[in-house]
Amino acid sequence: MAILTLENVSFSYDKRTRAIKNVSLQVDKGEYIAIIGHNGSGKSTLSKLFNGLCVPDAGEVTVDGFSSRNKKDLFEIRKRVGVVFQNPDNQLVASIVEDDVAFGPENLGVEREEIGKRIDFALKAVGMEKFRHSSPTRLSGGQKQRIAIAGVLALNPEILVLDESTAMLDPQGREEVLSVIRKLNKEQGVTVITVSHYMDEIVGADRVFVMNDGEIALSGTPEEIFKQKEKITSLGLENPVCSEIAQKLIDRGLNLPDGILTREKLLEELCALK
């Protein structure tokens, strides 16, 4: 069942050069979607169309039946679509973690008792309960981003959009955030749309959309996308590290199957060799 739909959507910042060109896609409830592309491909602009931060010049974006072209619908859309951006410091607004998580629900007029429940849920969901009374300024980058995610979760969104949300993190912080995202999707049923240029981050997605010059150049499962190695390279992207390692081993004569994208799968296939 589609929860988010784009129909022939185009958008430009200056009314001349189109950043998004006639894009159509739909996202079903509970899906894990990845959007990738080189810098300037339009992937971040696309993510801003999902919750009405950008409104299409042509076409229509609908979330749960609400259209972003209708100003009266924007409030309902933004209740349903929460966005986590690249720099967590730009999203943290309070000096205490629990106050920061409460900020969004308070501004929506949520009752105090319900806000307390949402804080509990959100901090538990991202594994940050013990930092409830801490100052965000004393947290690591990965911890700050998890608090930023908690702040969005406290709004009780149906869709979580992550716009390059791991770009400023070290590998450990990146894995912390990805672990939280996977858990939210698999255990809580949150629809996740992640925008990234790290190929290894998106191998667990249900579907991938590859953006190029404001258009969808490729779409499919991660396996379908990364089988097209030459096409991926021509779009200015790299294949996942484990895929590259597997290919080098195949080139050296090892009998490995195509489509290896993760470390776990690579280890499994290597152990199965006789």
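Helices (H or I, at least four residues) and strands (E, at least two) are taken here as DSSP runs, numbered from the N terminus. The model under discussion is predicted.

With that numbering, D73 is placed in the loop that runs between β5 (66–67) and α2 (74–80). Although D73 is buried, it has no salt bridge, and the nearest side chain of opposite charge, that of K72, is 8.6 Å away. When residues up to four places away in sequence are not counted, D73 touches F66 and S67.

The largest nonpolar core has 48 residues, and among these V101 and I149 touch the most other members. Several elements give two or more residues to this core, including β3 (32–36), α3 (97–107), α4 (112–125), β7 (159–163) and α6 (171–188), while the largest share, six residues, comes from α5. Leaving aside neighbours within four places in sequence, V101 is in contact with I119, A122, L123, I147, A150, G151 and A154. There is also a second, separate core, whose members include L25, I35, V63 and I159.

| Core | Size | Named members |
|---|---|---|
| Largest nonpolar core | 48 residues | V101 and I149, among them |
| Second, separate core | 26 residues | L25, I35, V63 and I159, among them |

Definitions and conventions. Residues numbered from 1 in each chain as written. Predicted model: local features only at pLDDT ≥ 70, side-chain atom pairs only at ≥ 80, totals over all residues. Heavy atoms only, no water. Buried < 20%, exposed > 50% of the residue type's maximum accessible area, 1.4 Å probe, protein only. Lys, Arg positive; Asp, Glu negative; His and termini not counted. Salt bridge = Lys/Arg side-chain N within 4 Å of Asp/Glu carboxyl O. Contact = heavy atoms within 4.5 Å. Core = buried A, V, L, I, M, F, W, Y, C linked by side-chain atoms within 4.5 Å.
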